Amino acid sequence: MARTRTQGEDFTFVNPVVKYLLFLFNMLFWSIAMVMIGIGLYARVMKHAEAAMACLAVDPAILLIVVGALMFLITFCGCIGSLRENICLLQTFSICLTLIFLLQLVAGVLGFVFSDKFSCCGGISYKDWSHNMYFNCTVENPSRERCSVPYSCCLRSKEKVINTMCGHGMQDLDYLAAKDYIYTNGCIDKLVNWIHSNLFLLGGVALGFAIPQLVGILLSQILINQIKDQIELQKYNSQHRADPWY
């Protein structure tokens, strides 16, 4: 009986276009990471030693080196994982990109929520803080911050001594009296107006960060699934290789 060749040994589920596209994608950002590290190291070397030690924690050169090193390690996993068809490295690359994407998303949301640039207080008005267990105005509330608002609601004073208790008792005041001490307008309207006026800028920045990350995640997941299918094919072939009817 002649041997029939169904799924031949030359057949592969791994698409070379996906494989080398992911490799080139990682090579691009791997090169950018090396440039970032180089610039950071150069900036550190060119600084005076005493000045560098004085601001080590907030040195932009250190931040550039750290970000570049993380980017280097992540893209290195993507490069080697795609070339060697290594599922472990590809999964590491995909998970790291996903975590970075989620952290950026959370950071953006927190930046909107806790930013003082909107000059606002509460959701609709400053009295929304009464829904907070520490700031609510009920008689049963034992908190020392009862009927107050957080310091972030306070109007910024030019005095050198910062009064962190400036929001104390503000919810007991009406709008006209409170506006001399705190922001009385809610943050929702302010945020909506700000988003509308900066919609194109926000969209461009978001796409600029999100698209490369999502492309990397998508390509790595496609390649991982193809490699898994190829492994299953190899197992199938090895199990049936000894079969005289195969």
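Which backbone nitrogen does a side-chain oxygen of Asn15 reach at the start of α1? That of Val17, to within 2.9 Å. This is a polar contact (a pair of N or O atoms within 3.5 Å; within protein, one must be able to donate a hydrogen and the other to accept it, and residues adjacent in sequence count only if both atoms are side-chain atoms).

The model is predicted: local features need pLDDT of at least 70, side-chain atom pairs count only at pLDDT 80 or more, and totals for chains, interfaces and linings use all residues. Residues are numbered from 1 along each chain as its sequence is written, and side-chain values use heavy atoms, without hydrogens or water.

**Helix α1**

Helix α1 spans residues 16–46, 31 residues in total. Helices are DSSP runs (H or I, at least four residues), numbered from the N terminus. From first C-alpha to last, α1 reaches 44 Å, close to the 45 Å expected at 1.5 Å a residue. The expected span is 1.5 Å times one less than the number of residues. Its buried residues include Leu22, Phe23, Phe25, Met36 and Arg44. Buried means under 20% relative accessible area, exposed over 50%, partly exposed in between (1.4 Å probe, protein chains only).

**Disulfides**

A disulfide is a pair of cysteine sulfur atoms within 2.5 Å. The count comes to 3.

| Pair | S to S | About the S-S bond |
|---|---|---|
| Cys121–Cys153 | 2.0 Å | 80°, right-handed |
| Cys137–Cys147 | 1.9 Å | 110°, right-handed |
| Cys154–Cys166 | 1.8 Å | 115°, right-handed |

Cys154 and Cys166 both lie in the loop between α4 and α5, 12 residues apart. Both are buried.

Cys77 is in no disulfide; its nearest cysteine sulfur, that of Cys96, is 6.6 Å away. Cys77 is buried at 16% relative accessibility. Cys96 is likewise in no disulfide. Cys96 is partly exposed at 26%.

Cys121 is buried at 1% relative accessibility, and Cys153 is buried at 2%.

**A nonpolar patch**

Ile124, Ile188 and Val192 make a nonpolar surface patch of about 270 Å². Patch residues have over 30% relative accessible area and no salt bridge; like charges are joined within 9 Å, nonpolar side chains (Val, Leu, Ile, Met, Phe, Trp, Tyr) within 5 Å. A salt bridge is a side-chain nitrogen of Lys or Arg within 4 Å of a carboxyl oxygen of Asp or Glu. Areas come from the Shrake-Rupley method with a 1.4 Å probe; for residues, only the protein chains shown count as cover. Val192 lies in helix α6, residues 187–197. Val192 is partly exposed at 37%.

How values were computed:
Helices (H or I, at least four residues) and strands (E, at least two) are DSSP runs, numbered from the N terminus.
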